[in-house]
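User: I would like to learn how to read a few features of a protein model, one at a time. Please take me through them.

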Amino acid sequence: GTTTQFVVGAAGEQDREILSVVTRLERRRLLHHPHFSAFQPVVGTPFEGHAPTPAKRELRLYQAEHLLRQYGFAYDELIFAADGNLPLDDDPKTAWALVHPERFPLEVVRAPYESLVRVPGIGPATARALVETRRRTVIRWSGDLREAGVDLARAAWFLTLRGRRLAASPAPRQLRLFPHGEHLTRAPFRTPVPPCAYR
């Protein structure tokens, strides 16, 4: 299949639009996987006056595309903000989990792979390891989950172990003094091509 790169934010497109195109192309096997690059203005180009795109937006697109391709999520399950973009303060899986409290907490010793892989802090390899570990031994405490690869800082609120919830509240959000991307210089690049062009 084809591999292509999307320059994100150059033409005012929304994450909803980008991921809709990616989903259609991947479903038809016309796209192997996409790359995303946050737009950065360059002096002497028609877009030099445009604002740069926060790098966090690029990261969120990668995370969302992985949910679609490797985690069994459907496009309609992705959570978008009012502006049509993915929330920048939460990764896409956490954003989905927070708006679906009816799905949680999951009991670690009984939850199937398809449910475990949707828990923030648990990826496909870790979910498979948990299912395999349950067949061979007894999961006794949170340290056993950590050894299996669970990111407990993110996952604990969404899990119970033998009926006991592993955290009293979701992981706190990072304190932010500036809007995303605005703590860096916003001047256009003065090089012939931006540093991100050949990532």
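User: How do the axes of helix 1 and helix 2 cross?

Analyst: This is a predicted model. The axes of helix 1 (residues 15-27) and helix 2 come within 11 Å, and the crossing is at roughly 35 degrees. The crossing of helix 1 past helix 2 is right-handed.

User: Which residues make the contact?

Analyst: Helix 1 contributes D15, I18, L19, V22, T23 and E26, while helix 2 contributes R57, L61, A64, E65, L68 and R69. By class, the residues of this contact are six nonpolar, one polar and five charged.

User: Why does the pair of F36 and Y62 tie together parts that are apart in sequence?

Analyst: F36 belongs to strand 2 (residues 31-38) and Y62 to helix 2, so the pair links parts 26 residues apart in sequence.

User: What volume does the second largest pocket have, and which residues are the closest to its centre?

Analyst: Its volume is about 270 Å³. There are 15 lining residues, and D89, D90, D91, T94 and A171 are the closest to the centre of the pocket. Helix 2 (55-70) and helix 3 (92-98) each supply at least two residues of the lining.

User: How does the lining of the second largest pocket divide by class?

Analyst: The lining has six nonpolar, three polar and six charged residues.

Key
Residues numbered from 1 in each chain as written. Predicted model: local features only at pLDDT ≥ 70, side-chain atom pairs only at ≥ 80, totals over all residues. Heavy atoms only, no water. 1 Å grid on protein atoms, 1.4 Å probe; cavity = no way out; pocket = protein on both sides within 12 Å on 5 of 7 lines; lining within 4 Å. Points joined across faces, edges and corners; volume = space filled by probe spheres on them. Helix = DSSP H or I, 4+ residues; strand = E, 2+ residues; numbered from the N terminus. Nonpolar A, V, L, I, M, F, W, Y, C, P; charged D, E, K, R; others polar. Axes fitted to C-alpha atoms, helices over the stretch in contact; angles between N-to-C directions. Left-handed = near helix turned anticlockwise from the far one by under 90°. Contact = heavy atoms within 4.5 Å.
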